[in-house]
Amino acid sequence: MDFKYTEEQLAVKEAARDFAQNVLKPGVIERDIHAKFPEEEAKELGALGFLGMMVDPKYGGGGMDTVSYVLAMEEISKVDASMAVCMSVCNSLVCWGLERFGTEEQKQKFLAPIARGEKIGAFCLSEPEAGSDATSQRTTAIDMGDHYLLNGTKNWITNGSSASIYIVIAQTDKEKGHRGINAIIVERGMDGFIVGEKEDKMGIRGSDTHTLIFNDVKVPKENRIGEEGFGFKFAMQTLGGGRIGIASQAMGIAAGALDLAIAYSKERQTFGKEINKHQGIAFKLADMATQVQAARLMCLNAASLKDQGEDFAEAASMAKLYASDIAQTVTTEAVQIHGGYGYVREYEVERMMRDAKITQIYEGTSEIQKIVISRSILAD
Ligand code: CAA
């Protein structure tokens with residue numbers, strides 16, 4: 001891995017930073033309080049090309065590499081983790097899957113509008129009884145000849161109400177287990193498709209997380225991604241890249257909390273000196289910075305492997321496992337360094353601490369990452 005960023009990568013990082021600091025930061029506390037999705041901000045982010053950054057320019061994307069994506073995700077997550085998860089899902093779970101496995105018609109119809117920033121996408125795998133155990137899909141897509149009849153409920157769907165293109169994983173043939181699962185594209189407005197309740201969450205409150213209900217939704221056969229029965233492998237491969245996105249989100253949350261803790265430690269005085277002149281605080285900051293840098297390098301390593309066309313599943317899971325753990329530690333320490341101020345909204349680190357928790361849960365819990373990693377290192 002080359003540790004020196006290219007000029008293009010640095011320009012992407014700078015653009016994401018500008019956007020985060022100037023557009024996202026002003027309203028982030030209010031959006032958290034009112035659990036408000038950053039609708040206008042998402043449109044602007046899309047118009048800047050950040051929702052389909054890695055998509056081929058012929059489909060309206062930015063044609064950037066995964067390293068640039070990690071750098072941009074860090075900058076957005078430092079300020080607004082809710083915006084970051086919307087960005088991660090669009091780039092990694094929806095755009096990547098459509099570009100890698102979709103037909104030319106699907107790319108023109110569904111991928112290009114997301115890449116151009118005109119529409120938002122969602123990835124619908126989790127169910128009330130199939131979060132970690134992804135093969136146990138209860139949602140069914142029954143083959144009716146020219147269409148699938150989709151029935152079931154999906155839970156905790158990121159971009160649930162802001163999306164208009166949904167990739168839904170559903171069981172077509174139960175007998176075939178994971179080989180009987182399909183990934184099909186559902187559009188907002190299809191008869192029988194209902195966006196259900198919004199979750200009232202502990203963190204990433206600006207992200208619109210919903211239950212989705214499918215009642216006899218007729219989905220044309222041409223909306224299936226890949227061959228019949230490819231849905232589970234589609235989901236697994238797509239989630240591999242998604243884990244780079246969420247690892248970068250976790251690392252970015254931690255990096256944001258570290259920045260605030262450093263700044264605060266230079267302002268706040270106790271016992272006649274800046275608090276960072278007390279070794280107890282200085283050592284905390286040193287540990288936090290080391291953890292953030294280690295997580296950053298793991299994210300970049302997974303991204304670089306992906307860019308080189310190498311197998312990156314193990315590296316992505318390792319990055320997500322580590323980055324989400326240190327996001328807990330670093331944000332908690334940032335609150336501690338802020339003392340009483342850290343516990344109030346205005347100082348932002350309490351939100352970061354709440355936001356960080358989800359990164360150990362979604363796109364595969366930490367335990368799921370350990371399954372992926374242990375299987376990989378123990379394989380013959
Ligand atoms: N690439 C390609 N194929 C893969 C694969 C991968 N990365 N991983 C597994 N497969 C294939 C296997 O080779 C196997 O195929 P064959 O039978 O043909 O050999 C098939 O898939 C089944 O694999 P496993 O036996 O390993 O499957 P499993 O039932 O043991 O499950 C698991 C493995 C890793 C636990 C998986 O279920 C998993 O990742 N679960 C977590 C799901 C998850 O991340 N959910 C999060 C929801 S999305 C989200 O959170 C988005 C959001 O809102 C932010």
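Reply: A residue counts as buried when its relative accessible area is under 20%. In this predicted model, Asn-159 has a relative accessible area of 1%, and is therefore buried.

Me: What makes the phi of Asn-159 worth a remark, and where is Asn-159 found?

Reply: Most residues other than glycine have a negative phi. Asn-159, which is not a glycine, has a positive phi near 65 degrees, and it lies in the loop between strand E3 (147-158) and E4.

Me: Why is Ala-35 called buried?

Reply: Its relative accessibility is 14%, and because the limit is under 20%, Ala-35 counts as buried. Ala-35 also has a positive phi, of about 50 degrees, without being a glycine, and it sits in the loop between helix H2 (28-34) and helix H3 (39-47).

Me: Why are H5 and H7 called roughly antiparallel?

Reply: The axes of helix H5 (residues 81-101) and helix H7 (residues 231-267) cross at roughly 155 degrees and come within 9 Å. Angles over 145 degrees count as roughly antiparallel, and H5 and H7 are therefore described in that way. Their crossing is right-handed, and by class their contact has 10 nonpolar, 9 polar and no charged residues.

How values were computed: Residues are numbered from 1 along each chain as its sequence is written. This is a predicted model: local features need pLDDT of at least 70, side-chain atom pairs count only at pLDDT 80 or more; totals for chains, interfaces and linings use all residues. Side-chain values use heavy atoms; hydrogens and water are left out. Axes are lines fitted to C-alpha atoms, for helices over the stretch in contact, and angles run from 0 to 180 degrees between N-to-C directions. Helices (H or I, at least four residues) and strands (E, at least two) are DSSP runs, numbered from the N terminus. Angles under 35 degrees count as roughly parallel, over 145 as roughly antiparallel, 65 to 115 as roughly perpendicular and the rest as oblique. A crossing is left-handed if the near helix is turned anticlockwise from the far one by less than a right angle, and right-handed if clockwise. Ala, Val, Leu, Ile, Met, Phe, Trp, Tyr, Cys and Pro count as nonpolar, Asp, Glu, Lys and Arg as charged, and the others, Gly among them, as polar. Buried means under 20% relative accessible area, exposed over 50%, partly exposed in between (1.4 Å probe, protein chains only).
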